[in-house]
Amino acid sequence: MAKARVVFHYPRALIDAPIASRVARDFDLEFNILRANITPDSQGLLVLELSGDPQALSDALEWAGEQGVAVQPLERDVVRDDDLCTQCGACVTICPTAALSRDPRTQEVGFDPEECVACELCVPACPPHAMTVAF
Amino acid sequence: MPKTYEQINERIRAGEAVVVTAEEMIDTVEENGVEAAAEQVDVVTTGTFAPMCSSGAFINFGHANPRIKVQKAWLNDVNAYAGLAAVDLYIGATEVPEHDPLNREHPGEFRYGGGHVIEDLVAGRDVRLRAVAYGTDCYPRRELDTWIRLDDLNEAFLCNPRNAYQNYNVAVNAHADRPIYTYMGVLKPELGNANYCSAGQLSPLLNDPLYRTIGIGTRIFLGGAQGYVFWQGTQHNPTVDRTEGGVPRGGAGTLSVVGDLKQMSQRWIRGVSLYGYGVSLSVGLGIPIPVLNEEIARFTAVRDEDIVAPIVDYSRGYPYSESGPLGHVSYAQLKTGEIEIDGRAVPTASLSSYPRAQEIAQTLKEWIQAGQFLLSRPAELLPSAESGLTFKSLRERPVEEEVAARG
(Lines give C-alpha, C1' and ligand atoms only; values in the text may rest on other atoms or scores of the structure.)
Protein backbone atom coordinates (compact mmCIF):
# COMPACT_ATOMS: atom_id res chain seq x y z
CA MET A 1 0.00 0.00 0.00
CA ALA A 2 1.51 3.32 -1.08
CA LYS A 3 0.35 6.83 -0.38
CA ALA A 4 1.15 10.08 -2.17
CA ARG A 5 0.04 13.69 -1.90
CA VAL A 6 0.06 15.37 -5.28
CA VAL A 7 -1.09 18.55 -6.94
CA PHE A 8 -2.76 18.31 -10.36
CA HIS A 9 -2.46 21.48 -12.42
CA TYR A 10 -4.98 21.41 -15.24
CA PRO A 11 -4.67 23.47 -18.37
CA ARG A 12 -7.87 25.22 -19.34
CA ALA A 13 -8.70 22.66 -22.05
CA LEU A 14 -8.86 19.79 -19.53
CA ILE A 15 -11.03 21.41 -16.91
CA ASP A 16 -14.12 19.43 -17.99
CA ALA A 17 -12.29 16.11 -18.29
CA PRO A 18 -12.97 13.56 -15.51
CA ILE A 19 -9.29 13.04 -14.73
CA ALA A 20 -9.51 12.52 -10.98
CA SER A 21 -12.37 10.03 -11.10
CA ARG A 22 -10.62 8.00 -13.81
CA VAL A 23 -7.41 7.98 -11.77
CA ALA A 24 -9.40 6.49 -8.90
CA ARG A 25 -11.55 4.08 -10.89
CA ASP A 26 -9.22 2.82 -13.62
CA PHE A 27 -6.27 2.33 -11.27
CA ASP A 28 -8.26 1.21 -8.24
CA LEU A 29 -6.96 3.92 -5.92
CA GLU A 30 -8.47 5.54 -2.85
CA PHE A 31 -8.52 9.27 -3.17
CA ASN A 32 -9.13 12.14 -0.89
CA ILE A 33 -9.55 15.68 -2.25
CA LEU A 34 -7.61 18.01 0.01
CA ARG A 35 -8.26 21.13 -2.01
CA ALA A 36 -9.85 22.00 -5.34
CA ASN A 37 -9.80 25.23 -7.23
CA ILE A 38 -11.34 25.05 -10.67
CA THR A 39 -13.13 27.93 -12.29
CA PRO A 40 -14.18 28.15 -15.94
CA ASP A 41 -12.02 31.24 -16.45
CA SER A 42 -8.73 29.97 -15.13
CA GLN A 43 -6.52 26.98 -14.87
CA GLY A 44 -7.58 24.22 -12.49
CA LEU A 45 -5.80 22.96 -9.45
CA LEU A 46 -6.56 19.83 -7.44
CA VAL A 47 -4.69 18.64 -4.36
CA LEU A 48 -5.17 14.88 -3.84
CA GLU A 49 -4.09 12.24 -1.43
CA LEU A 50 -3.94 8.94 -3.31
CA SER A 51 -3.37 5.49 -1.88
CA GLY A 52 -3.31 1.98 -3.31
CA ASP A 53 -1.00 -0.47 -4.99
CA PRO A 54 2.43 1.18 -5.52
CA GLN A 55 2.61 0.21 -9.22
CA ALA A 56 -0.97 1.34 -9.87
CA LEU A 57 -0.24 4.63 -8.15
CA SER A 58 2.79 5.37 -10.27
CA ASP A 59 0.92 4.25 -13.44
CA ALA A 60 -1.97 6.56 -12.53
CA LEU A 61 0.28 9.57 -12.16
CA GLU A 62 2.00 8.77 -15.45
CA TRP A 63 -1.39 8.45 -17.16
CA ALA A 64 -2.52 11.80 -15.75
CA GLY A 65 0.68 13.38 -17.06
CA GLU A 66 -0.01 11.92 -20.52
CA GLN A 67 -3.46 13.56 -20.49
CA GLY A 68 -1.78 16.96 -20.15
CA VAL A 69 -2.05 17.45 -16.40
CA ALA A 70 1.07 18.77 -14.69
CA VAL A 71 1.56 16.47 -11.71
CA GLN A 72 3.48 17.91 -8.78
CA PRO A 73 4.40 15.83 -5.75
CA LEU A 74 3.57 17.67 -2.54
CA GLU A 75 6.51 17.13 -0.26
CA ARG A 76 8.03 20.53 0.36
CA ASP A 77 6.94 23.77 2.02
CA VAL A 78 7.09 27.28 0.67
CA VAL A 79 7.93 29.87 3.30
CA ARG A 80 7.97 33.65 3.28
CA ASP A 81 10.79 35.69 4.80
CA ASP A 82 8.91 38.69 6.16
CA ASP A 83 12.11 40.73 6.38
CA LEU A 84 12.67 40.38 2.64
CA CYS A 85 9.03 40.89 1.58
CA THR A 86 8.41 44.48 0.50
CA GLN A 87 4.62 44.14 0.46
CA CYS A 88 4.38 44.89 -3.26
CA GLY A 89 1.90 42.17 -4.18
CA ALA A 90 3.40 40.93 -7.45
CA CYS A 91 2.67 37.40 -6.17
CA VAL A 92 -1.05 37.62 -5.52
CA THR A 93 -2.25 36.89 -9.04
CA ILE A 94 0.40 34.19 -9.50
CA CYS A 95 -0.76 32.18 -6.49
CA PRO A 96 -3.43 29.64 -7.57
CA THR A 97 -4.91 29.12 -4.08
CA ALA A 98 -5.01 32.67 -2.71
CA ALA A 99 -2.52 31.66 0.01
CA LEU A 100 -0.92 34.94 -1.01
CA SER A 101 -3.50 37.69 -0.99
CA ARG A 102 -3.82 41.41 -0.58
CA ASP A 103 -6.16 43.08 1.86
CA PRO A 104 -8.18 45.53 -0.27
CA ARG A 105 -8.50 47.89 2.68
CA THR A 106 -4.88 48.14 3.86
CA GLN A 107 -3.18 46.84 0.68
CA GLU A 108 -1.07 44.59 2.91
CA VAL A 109 0.03 41.30 1.39
CA GLY A 110 -0.62 38.28 3.58
CA PHE A 111 0.66 34.72 3.34
CA ASP A 112 -1.41 31.87 4.75
CA PRO A 113 0.70 28.67 4.88
CA GLU A 114 -2.47 26.64 5.49
CA GLU A 115 -3.73 27.55 2.03
CA CYS A 116 -0.37 27.02 0.33
CA VAL A 117 0.00 23.88 -1.82
CA ALA A 118 3.72 24.47 -2.40
CA CYS A 119 3.34 24.74 -6.17
CA GLU A 120 6.32 27.14 -6.00
CA LEU A 121 5.02 29.45 -8.74
CA CYS A 122 5.63 32.44 -6.47
CA VAL A 123 9.28 31.57 -5.82
CA PRO A 124 10.84 32.89 -9.05
CA ALA A 125 8.09 35.51 -9.44
CA CYS A 126 8.86 37.30 -6.16
CA PRO A 127 11.02 40.34 -7.01
CA PRO A 128 12.89 40.58 -3.64
CA HIS A 129 13.29 36.75 -3.26
CA ALA A 130 11.11 36.59 -0.14
CA MET A 131 9.50 33.24 -1.07
CA THR A 132 11.72 30.20 -0.66
CA VAL A 133 11.38 26.42 -0.62
CA ALA A 134 12.01 24.66 2.67
CA PHE A 135 12.82 20.96 2.52
CA MET B 1 -3.62 83.85 1.65
CA PRO B 2 -0.72 82.40 -0.32
CA LYS B 3 2.33 81.24 1.67
CA THR B 4 6.01 81.35 0.73
CA TYR B 5 8.72 78.71 1.08
CA GLU B 6 10.42 80.99 3.62
CA GLN B 7 7.30 81.25 5.79
CA ILE B 8 6.82 77.49 5.73
CA ASN B 9 10.48 76.86 6.65
CA GLU B 10 10.20 79.38 9.50
CA ARG B 11 7.28 77.40 10.86
CA ILE B 12 9.19 74.12 10.46
CA ARG B 13 12.16 75.58 12.39
CA ALA B 14 9.82 76.79 15.12
CA GLY B 15 8.21 73.34 15.31
CA GLU B 16 4.86 74.86 14.32
CA ALA B 17 4.40 73.59 10.80
CA VAL B 18 1.26 71.61 10.05
CA VAL B 19 2.35 68.56 8.08
CA VAL B 20 0.00 65.87 6.77
CA THR B 21 0.43 62.92 4.43
CA ALA B 22 -1.29 62.94 1.04
CA GLU B 23 -3.81 60.43 2.45
CA GLU B 24 -4.60 62.70 5.41
CA MET B 25 -4.91 65.71 3.08
CA ILE B 26 -7.84 64.01 1.34
CA ASP B 27 -9.77 63.96 4.62
CA THR B 28 -8.70 67.49 5.58
CA VAL B 29 -10.02 68.93 2.32
CA GLU B 30 -13.16 66.81 2.48
CA GLU B 31 -13.94 67.99 6.01
CA ASN B 32 -12.87 71.64 5.88
CA GLY B 33 -12.87 72.58 2.19
CA VAL B 34 -9.99 73.64 -0.04
CA GLU B 35 -9.80 77.21 1.22
CA ALA B 36 -9.48 76.28 4.90
CA ALA B 37 -7.12 73.39 4.12
CA ALA B 38 -4.83 75.74 2.20
CA GLU B 39 -4.70 77.99 5.26
CA GLN B 40 -4.22 75.21 7.81
CA VAL B 41 -1.79 72.87 6.13
CA ASP B 42 1.81 73.85 5.37
CA VAL B 43 3.20 70.67 3.85
CA VAL B 44 1.79 67.50 2.30
CA THR B 45 4.10 64.49 2.18
CA THR B 46 4.04 61.80 -0.51
CA GLY B 47 5.82 58.51 -1.10
CA THR B 48 6.40 55.63 -3.49
CA PHE B 49 8.39 52.39 -3.36
CA ALA B 50 8.70 50.33 -6.52
CA PRO B 51 11.15 48.90 -9.04
CA MET B 52 12.59 51.93 -10.88
CA CYS B 53 14.70 50.68 -13.75
CA SER B 54 16.53 53.80 -14.79
CA SER B 55 18.64 53.92 -11.63
CA GLY B 56 22.31 53.52 -10.79
CA ALA B 57 25.18 54.81 -8.70
CA PHE B 58 28.47 56.60 -9.24
CA ILE B 59 31.36 55.46 -7.10
CA ASN B 60 34.95 56.60 -6.73
CA PHE B 61 37.02 53.87 -5.08
CA GLY B 62 40.32 55.75 -4.64
CA HIS B 63 43.66 55.40 -6.38
CA ALA B 64 45.62 52.18 -6.20
CA ASN B 65 49.41 52.02 -6.01
CA PRO B 66 50.69 51.71 -8.67
CA ARG B 67 47.90 53.76 -10.24
CA ILE B 68 45.40 52.34 -12.71
CA LYS B 69 43.11 54.08 -15.21
CA VAL B 70 40.32 51.56 -15.29
CA GLN B 71 39.12 50.63 -18.76
CA LYS B 72 36.70 47.85 -17.85
CA ALA B 73 35.38 46.98 -14.41
CA TRP B 74 33.12 44.46 -12.68
CA LEU B 75 31.47 44.62 -9.27
CA ASN B 76 30.59 41.07 -8.13
CA ASP B 77 30.95 40.11 -11.82
CA VAL B 78 28.43 42.76 -12.90
CA ASN B 79 29.84 45.12 -15.49
CA ALA B 80 30.19 48.73 -14.33
CA TYR B 81 30.75 51.58 -16.77
CA ALA B 82 34.33 52.86 -16.55
CA GLY B 83 34.55 55.33 -19.42
CA LEU B 84 34.78 58.30 -17.06
CA ALA B 85 38.15 58.85 -15.38
CA ALA B 86 40.74 56.68 -13.66
CA VAL B 87 38.75 55.31 -10.71
CA ASP B 88 35.18 56.52 -11.25
CA LEU B 89 32.51 53.93 -12.09
CA TYR B 90 28.80 53.93 -12.79
CA ILE B 91 26.91 50.80 -11.82
CA GLY B 92 23.51 50.58 -13.51
CA ALA B 93 20.56 48.88 -11.82
CA THR B 94 19.60 46.61 -14.72
CA GLU B 95 23.08 45.36 -15.64
CA VAL B 96 23.31 41.55 -15.45
CA PRO B 97 26.42 39.49 -14.58
CA GLU B 98 28.84 38.48 -17.33
CA HIS B 99 27.96 34.78 -17.24
CA ASP B 100 24.28 34.93 -16.35
CA PRO B 101 22.19 32.33 -18.22
CA LEU B 102 19.81 35.21 -19.07
CA ASN B 103 16.79 33.92 -21.00
CA ARG B 104 18.63 31.00 -22.63
CA GLU B 105 16.29 28.81 -20.64
CA HIS B 106 13.16 30.92 -20.75
CA PRO B 107 12.02 32.36 -18.38
CA GLY B 108 15.36 33.22 -16.77
CA GLU B 109 15.45 33.85 -13.04
CA PHE B 110 17.86 36.82 -13.01
CA ARG B 111 18.84 36.31 -9.39
CA TYR B 112 21.53 38.99 -9.25
CA GLY B 113 22.53 42.18 -11.04
CA GLY B 114 23.38 45.86 -10.74
CA GLY B 115 20.48 46.62 -8.40
CA HIS B 116 21.73 43.90 -6.05
CA VAL B 117 25.28 45.30 -6.18
CA ILE B 118 23.91 48.67 -5.08
CA GLU B 119 21.91 47.00 -2.29
CA ASP B 120 25.02 45.07 -1.17
CA LEU B 121 26.98 48.34 -1.00
CA VAL B 122 24.24 50.04 1.01
CA ALA B 123 24.10 47.03 3.36
CA GLY B 124 27.84 47.50 4.04
CA ARG B 125 28.79 44.15 2.49
CA ASP B 126 32.08 43.47 0.77
CA VAL B 127 31.86 43.72 -3.00
CA ARG B 128 34.54 42.29 -5.28
CA LEU B 129 36.01 44.82 -7.70
CA ARG B 130 37.85 43.48 -10.71
CA ALA B 131 39.28 45.85 -13.31
CA VAL B 132 41.53 45.81 -16.34
CA ALA B 133 43.38 48.62 -18.12
CA TYR B 134 45.79 49.04 -21.05
CA GLY B 135 48.40 50.96 -19.03
CA THR B 136 49.84 54.43 -19.58
CA ASP B 137 52.94 56.24 -18.34
CA CYS B 138 50.93 57.94 -15.61
CA TYR B 139 48.68 54.92 -14.90
CA PRO B 140 50.94 51.86 -15.44
CA ARG B 141 48.80 49.22 -13.69
CA ARG B 142 46.83 46.81 -15.87
CA GLU B 143 44.87 44.65 -13.44
CA LEU B 144 43.07 45.01 -10.15
CA ASP B 145 41.18 42.47 -8.03
CA THR B 146 40.13 43.57 -4.56
CA TRP B 147 37.29 43.78 -2.06
CA ILE B 148 35.69 47.15 -1.54
CA ARG B 149 32.95 48.34 0.77
CA LEU B 150 30.87 51.49 1.02
CA ASP B 151 32.72 53.02 3.98
CA ASP B 152 36.03 52.88 2.11
CA LEU B 153 34.79 54.64 -1.02
CA ASN B 154 35.48 58.33 -1.51
CA GLU B 155 32.10 59.10 -3.01
CA ALA B 156 29.11 56.88 -3.67
CA PHE B 157 25.93 58.54 -4.83
CA LEU B 158 22.77 57.19 -6.28
CA CYS B 159 22.08 59.01 -9.54
CA ASN B 160 18.88 57.89 -11.20
CA PRO B 161 17.98 59.33 -14.61
CA ARG B 162 14.30 58.37 -14.46
CA ASN B 163 12.33 57.71 -11.27
CA ALA B 164 8.93 58.41 -9.79
CA TYR B 165 6.92 58.00 -12.98
CA GLN B 166 3.80 60.14 -12.85
CA ASN B 167 1.19 57.43 -13.42
CA TYR B 168 1.83 54.24 -15.41
CA ASN B 169 0.31 51.50 -17.53
CA VAL B 170 -1.84 48.66 -16.25
CA ALA B 171 -0.28 45.64 -17.97
CA VAL B 172 -2.27 42.68 -19.34
CA ASN B 173 -1.71 39.77 -21.71
CA ALA B 174 -4.52 39.89 -24.26
CA HIS B 175 -3.18 37.78 -27.12
CA ALA B 176 -0.41 35.33 -26.17
CA ASP B 177 -1.63 31.83 -25.32
CA ARG B 178 1.11 31.41 -22.70
CA PRO B 179 2.22 33.48 -19.72
CA ILE B 180 4.44 36.38 -20.74
CA TYR B 181 7.33 37.59 -18.59
CA THR B 182 7.62 41.36 -18.53
CA TYR B 183 9.00 44.21 -16.47
CA MET B 184 5.43 44.46 -15.18
CA GLY B 185 5.61 40.90 -13.82
CA VAL B 186 4.20 37.62 -15.07
CA LEU B 187 1.08 38.20 -17.16
CA LYS B 188 -1.21 35.22 -17.58
CA PRO B 189 -2.95 34.44 -20.88
CA GLU B 190 -6.49 35.49 -21.77
CA LEU B 191 -6.44 38.52 -19.48
CA GLY B 192 -5.53 36.28 -16.54
CA ASN B 193 -4.30 39.23 -14.45
CA ALA B 194 -3.66 42.97 -14.61
CA ASN B 195 -0.51 44.42 -13.02
CA TYR B 196 -0.02 48.07 -12.15
CA CYS B 197 2.81 50.07 -10.63
CA SER B 198 1.98 53.35 -8.90
CA ALA B 199 1.19 54.51 -5.39
CA GLY B 200 -1.77 56.42 -6.87
CA GLN B 201 -3.01 59.05 -4.40
CA LEU B 202 0.30 58.90 -2.47
CA SER B 203 2.55 59.16 -5.52
CA PRO B 204 4.69 62.35 -5.58
CA LEU B 205 4.00 63.65 -9.08
CA LEU B 206 0.30 62.76 -8.93
CA ASN B 207 0.05 65.25 -6.05
CA ASP B 208 1.77 68.01 -8.02
CA PRO B 209 0.41 67.15 -11.46
CA LEU B 210 1.54 70.33 -13.21
CA TYR B 211 4.93 70.55 -11.43
CA ARG B 212 4.13 73.77 -9.57
CA THR B 213 6.55 72.97 -6.72
CA ILE B 214 8.74 70.04 -7.76
CA GLY B 215 11.76 71.08 -9.80
CA ILE B 216 15.54 71.24 -9.97
CA GLY B 217 16.89 71.38 -6.43
CA THR B 218 13.81 70.04 -4.65
CA ARG B 219 14.95 68.24 -1.49
CA ILE B 220 13.39 64.77 -1.23
CA PHE B 221 13.39 61.48 0.68
CA LEU B 222 15.56 59.11 -1.36
CA GLY B 223 16.49 55.62 -0.22
CA GLY B 224 15.98 56.56 3.42
CA ALA B 225 18.16 59.68 3.24
CA GLN B 226 17.81 63.24 2.00
CA GLY B 227 18.36 63.59 -1.73
CA TYR B 228 17.53 66.02 -4.50
CA VAL B 229 15.77 66.30 -7.83
CA PHE B 230 18.43 67.44 -10.30
CA TRP B 231 16.64 67.48 -13.64
CA GLN B 232 13.49 66.33 -15.36
CA GLY B 233 13.68 62.56 -15.76
CA THR B 234 14.32 60.94 -19.12
CA GLN B 235 11.14 60.48 -21.18
CA HIS B 236 9.52 63.35 -19.21
CA ASN B 237 6.30 63.85 -21.13
CA PRO B 238 4.16 66.63 -19.69
CA THR B 239 1.91 67.23 -22.71
CA VAL B 240 -0.29 64.14 -22.35
CA ASP B 241 -4.06 63.89 -21.91
CA ARG B 242 -5.14 65.01 -18.47
CA THR B 243 -8.31 64.81 -16.42
CA GLU B 244 -10.22 67.98 -15.50
CA GLY B 245 -8.21 68.03 -12.28
CA GLY B 246 -4.96 68.19 -14.28
CA VAL B 247 -3.92 64.59 -13.55
CA PRO B 248 -2.31 62.75 -16.49
CA ARG B 249 -4.35 59.81 -17.80
CA GLY B 250 -1.17 57.76 -18.32
CA GLY B 251 2.61 57.88 -17.91
CA ALA B 252 3.76 61.52 -18.01
CA GLY B 253 6.32 63.38 -15.88
CA THR B 254 9.49 61.79 -14.50
CA LEU B 255 12.36 62.89 -12.24
CA SER B 256 16.14 62.59 -12.21
CA VAL B 257 17.26 62.25 -8.61
CA VAL B 258 20.52 62.11 -6.70
CA GLY B 259 21.54 61.30 -3.13
CA ASP B 260 24.36 60.03 -0.92
CA LEU B 261 24.43 56.23 -0.94
CA LYS B 262 26.33 56.29 2.36
CA GLN B 263 23.30 57.75 4.14
CA MET B 264 20.79 55.33 2.63
CA SER B 265 19.32 52.16 4.11
CA GLN B 266 18.66 48.72 2.73
CA ARG B 267 14.99 49.02 3.62
CA TRP B 268 14.61 51.57 0.83
CA ILE B 269 17.22 50.38 -1.69
CA ARG B 270 16.50 46.82 -2.77
CA GLY B 271 17.76 44.80 -5.72
CA VAL B 272 14.88 42.96 -7.37
CA SER B 273 14.52 40.17 -9.93
CA LEU B 274 11.85 40.28 -12.59
CA TYR B 275 11.29 36.72 -13.77
CA GLY B 276 12.07 36.26 -17.46
CA TYR B 277 12.90 39.96 -17.81
CA GLY B 278 15.95 41.00 -15.80
CA VAL B 279 16.99 42.84 -12.68
CA SER B 280 16.13 46.24 -11.30
CA LEU B 281 16.27 48.34 -8.17
CA SER B 282 13.35 49.11 -5.90
CA VAL B 283 13.74 52.68 -4.70
CA GLY B 284 11.93 54.45 -1.88
CA LEU B 285 11.21 58.04 -2.81
CA GLY B 286 9.08 60.72 -1.18
CA ILE B 287 8.56 64.40 -1.85
CA PRO B 288 7.15 67.10 0.43
CA ILE B 289 4.80 69.50 -1.29
CA PRO B 290 4.47 72.99 0.18
CA VAL B 291 0.84 74.10 0.23
CA LEU B 292 1.57 77.54 -1.19
CA ASN B 293 -2.00 78.26 -2.29
CA GLU B 294 -5.48 76.83 -2.84
CA GLU B 295 -4.60 75.29 -6.19
CA ILE B 296 -1.90 73.18 -4.55
CA ALA B 297 -4.25 72.27 -1.70
CA ARG B 298 -6.72 70.99 -4.26
CA PHE B 299 -4.02 69.06 -6.17
CA THR B 300 -2.70 67.35 -3.03
CA ALA B 301 -6.20 66.15 -2.10
CA VAL B 302 -6.32 63.96 -5.21
CA ARG B 303 -7.92 60.55 -4.53
CA ASP B 304 -7.46 57.13 -6.10
CA GLU B 305 -10.95 57.52 -7.59
CA ASP B 306 -9.76 60.58 -9.53
CA ILE B 307 -6.66 58.98 -11.04
CA VAL B 308 -7.01 56.71 -14.05
CA ALA B 309 -4.43 54.55 -15.79
CA PRO B 310 -4.46 53.03 -19.29
CA ILE B 311 -4.83 49.24 -19.66
CA VAL B 312 -2.12 48.16 -22.09
CA ASP B 313 -1.61 44.78 -23.77
CA TYR B 314 1.99 43.60 -23.31
CA SER B 315 1.75 40.63 -25.69
CA ARG B 316 1.34 42.75 -28.86
CA GLY B 317 0.26 46.30 -28.06
CA TYR B 318 3.34 47.35 -26.09
CA PRO B 319 6.19 45.43 -27.79
CA TYR B 320 5.02 46.23 -31.32
CA SER B 321 3.23 49.53 -30.64
CA GLU B 322 0.23 47.93 -32.30
CA SER B 323 -2.78 49.37 -30.55
CA GLY B 324 -3.88 51.99 -28.10
CA PRO B 325 -5.08 51.23 -24.58
CA LEU B 326 -7.86 48.69 -24.02
CA GLY B 327 -9.49 51.23 -21.70
CA HIS B 328 -8.81 53.19 -18.55
CA VAL B 329 -9.32 52.19 -14.94
CA SER B 330 -9.02 54.10 -11.65
CA TYR B 331 -6.58 53.24 -8.87
CA ALA B 332 -9.55 52.87 -6.54
CA GLN B 333 -10.78 50.04 -8.76
CA LEU B 334 -7.30 48.53 -9.11
CA LYS B 335 -6.89 48.45 -5.33
CA THR B 336 -10.08 46.42 -4.84
CA GLY B 337 -8.15 43.49 -6.34
CA GLU B 338 -10.32 43.12 -9.42
CA ILE B 339 -11.17 45.16 -12.52
CA GLU B 340 -13.41 44.51 -15.48
CA ILE B 341 -12.07 44.30 -19.04
CA ASP B 342 -14.45 43.42 -21.88
CA GLY B 343 -17.02 42.22 -19.38
CA ARG B 344 -14.51 39.92 -17.72
CA ALA B 345 -13.38 40.07 -14.09
CA VAL B 346 -9.59 40.34 -14.03
CA PRO B 347 -7.61 40.06 -10.76
CA THR B 348 -5.08 42.83 -10.14
CA ALA B 349 -1.62 42.92 -8.61
CA SER B 350 0.75 45.77 -7.88
CA LEU B 351 4.51 46.01 -8.27
CA SER B 352 4.52 49.20 -6.23
CA SER B 353 4.21 48.68 -2.47
CA TYR B 354 1.43 50.82 -1.04
CA PRO B 355 2.25 49.98 2.63
CA ARG B 356 5.84 51.11 2.00
CA ALA B 357 4.63 54.29 0.25
CA GLN B 358 2.59 55.06 3.38
CA GLU B 359 5.65 54.49 5.54
CA ILE B 360 7.73 56.92 3.45
CA ALA B 361 5.07 59.66 3.58
CA GLN B 362 4.82 59.15 7.35
CA THR B 363 8.61 59.20 7.85
CA LEU B 364 8.98 62.37 5.81
CA LYS B 365 6.19 63.96 7.83
CA GLU B 366 8.02 63.10 11.07
CA TRP B 367 11.33 64.46 9.77
CA ILE B 368 9.68 67.77 8.89
CA GLN B 369 7.77 67.96 12.18
CA ALA B 370 11.06 67.37 14.03
CA GLY B 371 12.69 70.23 12.12
CA GLN B 372 15.21 67.85 10.49
CA PHE B 373 14.05 68.46 6.95
CA LEU B 374 13.50 71.89 5.38
CA LEU B 375 11.80 72.53 2.09
CA SER B 376 13.84 73.87 -0.81
CA ARG B 377 12.56 76.25 -3.42
CA PRO B 378 13.47 74.80 -6.83
CA ALA B 379 16.03 76.70 -8.89
CA GLU B 380 13.91 75.89 -11.95
CA LEU B 381 10.54 74.22 -12.35
CA LEU B 382 10.16 71.28 -14.74
CA PRO B 383 8.65 71.69 -18.21
CA SER B 384 4.89 71.46 -17.77
CA ALA B 385 1.76 70.99 -19.87
CA GLU B 386 2.24 74.23 -21.78
CA SER B 387 5.90 73.53 -22.68
CA GLY B 388 5.15 71.69 -25.90
CA LEU B 389 7.68 69.05 -24.85
CA THR B 390 6.71 65.58 -26.08
CA PHE B 391 8.22 62.15 -25.77
CA LYS B 392 9.43 61.03 -29.19
CA SER B 393 9.80 57.52 -30.50
CA LEU B 394 12.85 56.66 -32.56
CA ARG B 395 12.58 57.50 -36.24
CA GLU B 396 14.90 54.93 -37.76
CA ARG B 397 16.86 56.06 -40.79
CA PRO B 398 18.20 53.28 -43.01
CA VAL B 399 21.97 53.63 -42.81
CA GLU B 400 22.98 52.25 -46.18
CA GLU B 401 20.77 54.59 -48.18
CA GLU B 402 22.03 57.65 -46.30
CA VAL B 403 25.65 56.65 -46.71
CA ALA B 404 25.03 56.28 -50.47
CA ALA B 405 23.25 59.66 -50.64
CA ARG B 406 26.17 61.36 -48.92
CA GLY B 407 28.47 59.96 -51.60
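This is a predicted model: local features need pLDDT of at least 70, side-chain atom pairs count only at pLDDT 80 or more; totals for chains, interfaces and linings use all residues.
Colleague: Why does P290(B) count as buried?

Modeller: P290(B) has 25 C-beta neighbours inside 10 Å. A residue is buried if 20 or more other C-beta atoms lie within 10 Å of its own, exposed if 12 or fewer, and partly exposed in between, with C-beta atoms placed from the backbone. Residues are numbered from 1 along each chain as its sequence is written, and chains are lettered from A and ligands numbered from 1 in the order in which they are written.

Colleague: Which residues is P290(B) in contact with, leaving aside its neighbours within four places in sequence?

Modeller: They are Y5(B), I8(B), D42(B), V43(B), T213(B) and L375(B). Contact means that the C-beta atoms of two residues, placed from the backbone, lie within 7 Å. S376(B) is 86 residues from P290(B) in sequence, and the two are 9.5 Å apart in space, C-alpha to C-alpha.

Colleague: Which element does P290(B) lie in, and what is the order of the strands in the sheet with β21 of chain B?

Modeller: P290(B) lies in strand β21 of chain B. Strands are DSSP runs of E with at least two residues, helices are runs of H or I with at least four, and both are numbered from the N terminus. The sheet is open, has three strands in the order β1-β2-β21 (chain B), and its pairing is mixed. Each of the edge strands, β1 and β21 (288–290) of chain B, pairs on one side only. From one strand to the next the twist averages 25 degrees.

Colleague: How do you know that β2(B) and β21(B) pair?

Modeller: Two strands pair if DSSP finds at least two bridges between them. β2(B) and β21(B) have three bridges, in the antiparallel sense, so they meet that condition. V43(B) stands opposite P290(B). Helix α6(B) packs on this sheet, touching β1, β2 and β21 of chain B, and its direction makes about 175 degrees with that of β1(B). Such angles run from 0 to 180 degrees between N-to-C directions, with axes being lines fitted to C-alpha atoms, for helices over the stretch in contact.

Colleague: What covers the buried residues of α2(B)?

Modeller: The cover includes β1 (19–21), β2 (43–45), α4 (294–300) and α6 (354–369) of chain B. The buried residues in α2(B) are A22(B), M25(B), I26(B), T28(B), V29(B), A37(B) and A38(B).

Colleague: What makes helix α3 of chain B mostly covered?

Modeller: Eight of the nine residues in α3 (residues 114–122) of chain B are buried. Among them are H116(B), E119(B) and L121(B). Just after α3(B), G124(B) takes a positive phi of about 85 degrees. The helix lies across β5 (72–75), β6 and β8 of chain B, running at about 120 degrees to β8(B).

Colleague: Why do β6 and β9 of chain B stand at the edges?

Modeller: Their sheet is open, with four strands in the order β6-β5-β8-β9 (chain B) and antiparallel pairing. β6 (78–80) and β9 (143–148) of chain B each have a single partner strand, so one side of each is left without a neighbour in the sheet. Strand β8 (residues 127–132) of chain B and β9(B) pair over six bridges in the antiparallel sense. The bridge partner of V132(B) in β9(B) is E143(B).

Colleague: How many residues of chain A are in contact with chain B?

Modeller: 18 residues of chain A are in contact with 25 residues of chain B. The chain A side divides into nine nonpolar, seven polar and two charged residues. Here Ala, Val, Leu, Ile, Met, Phe, Trp, Tyr, Cys and Pro count as nonpolar, Asp, Glu, Lys and Arg as charged, and the others, Gly among them, as polar.
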